[in-house]
Amino acid sequence: MAATALQIGASLHILNNGSQNFSTYAAQAKGTYVSPAKLHAVSGTPRAFAVADVNHDGAQDVVAAVDGWLWVGRGLPDGNIETVEVTAVEKGQLSAVAVGDFNGDTHPDIAFAYKALNRVSLALGDGTGKFLVFPAQFYVNKEPVQIEAVDANGDGIDDLFVRCLTGRSVSALLSKKLP
């Protein structure tokens, strides 16, 4: 079983790939964590994750890409995860996820990649932690495996850079304000 870990505040979070859960370990002292972990159920196999404050409450939230779902664990100021919001997306092997403002409305949005379908889709945030899947899809080179969000052209809106396995390439998607 592969696992990917990240630390938010005083807590350590681990996506347990293949286990359909997400573990939160509270900090006990510097470098040590309380066991057992609090488990958060994830419907399906988490494939990628990102961290960002998606609901403007000042706490870091965890976004996981699960086949057919975007899973958002709402963070608390102490680094623990309280509630979970899920957004249904088209079925397919999700391989990467990133959070940024991709439409210029100042609310965090989620970009997610489909490895076998060679495309990136967006879920637009409303600032409360809820997301609506944007109907447009953006095609990239084969097998996207990583997404980075950065404002590359200085217009105040995050752009997407997608690393693809086939051809060892990077696709750049420059964002613009949506109507």
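Setting aside neighbours within four places in sequence, Phe 112 is in contact (heavy atoms within 4.5 Å) with Leu 70, Val 89, Leu 94, Ala 96, Val 97, Arg 119, Val 120, Ser 121, Leu 122, Ala 123 and Ile 147. The model is a predicted one, with local features needing pLDDT of at least 70 and side-chain atom pairs counting only at pLDDT 80 or more, while totals for chains, interfaces and linings use all residues. Numbering runs from 1 along each chain as its sequence is written, and side-chain values use heavy atoms, with hydrogens and water left out.

Phe 112 turns up again in the largest nonpolar core, which has 17 residues; Phe 112 and Ile 110 touch the most other members. A nonpolar core here is a set of buried Ala, Val, Leu, Ile, Met, Phe, Trp, Tyr and Cys residues joined through side-chain atoms within 4.5 Å. Buried means under 20% relative accessible area, exposed over 50%, and partly exposed in between (1.4 Å probe, protein chains only). At least two residues of this core come from each of strands S6 (46–52), S7 (61–66), S8 (69–75), S10 (94–100) and S11 (109–114); strands are DSSP runs (E, at least two residues), numbered from the N terminus. Another core, of 14 residues, lies apart from it and includes Phe 102, Ala 111, Val 140 and Leu 173. In soluble globular proteins, nonpolar side chains tend to be buried together.

Asp 159, in strand S15 (residues 159–164), counts as buried because its relative accessibility is 0%. A polar atom of the Asp 159 side chain sits 2.8 Å from the backbone nitrogen of Ser 175. Beyond residues up to four places away in sequence, Asp 159 touches Phe 102, Glu 148, Ala 149, Val 150, Asp 151, Ala 152, Asn 153, Leu 173, Leu 174 and Ser 175.

Thr 106, in the loop between S10 and S11, has a positive phi of about 75 degrees. Its relative accessible area is 58%, so Thr 106 is exposed. Glu 143, in the loop between S13 and strand S14 (144–150), also has a positive phi, near 60 degrees. With a relative accessible area of 29%, Glu 143 is therefore partly exposed. Most residues other than glycine have a negative phi.

Methods
Helices (H or I, at least four residues) and strands (E, at least two) are DSSP runs, numbered from the N terminus. A polar contact is a pair of N or O atoms within 3.5 Å; within protein, one must be able to donate a hydrogen and the other to accept it, and residues adjacent in sequence count only if both atoms are side-chain atoms.
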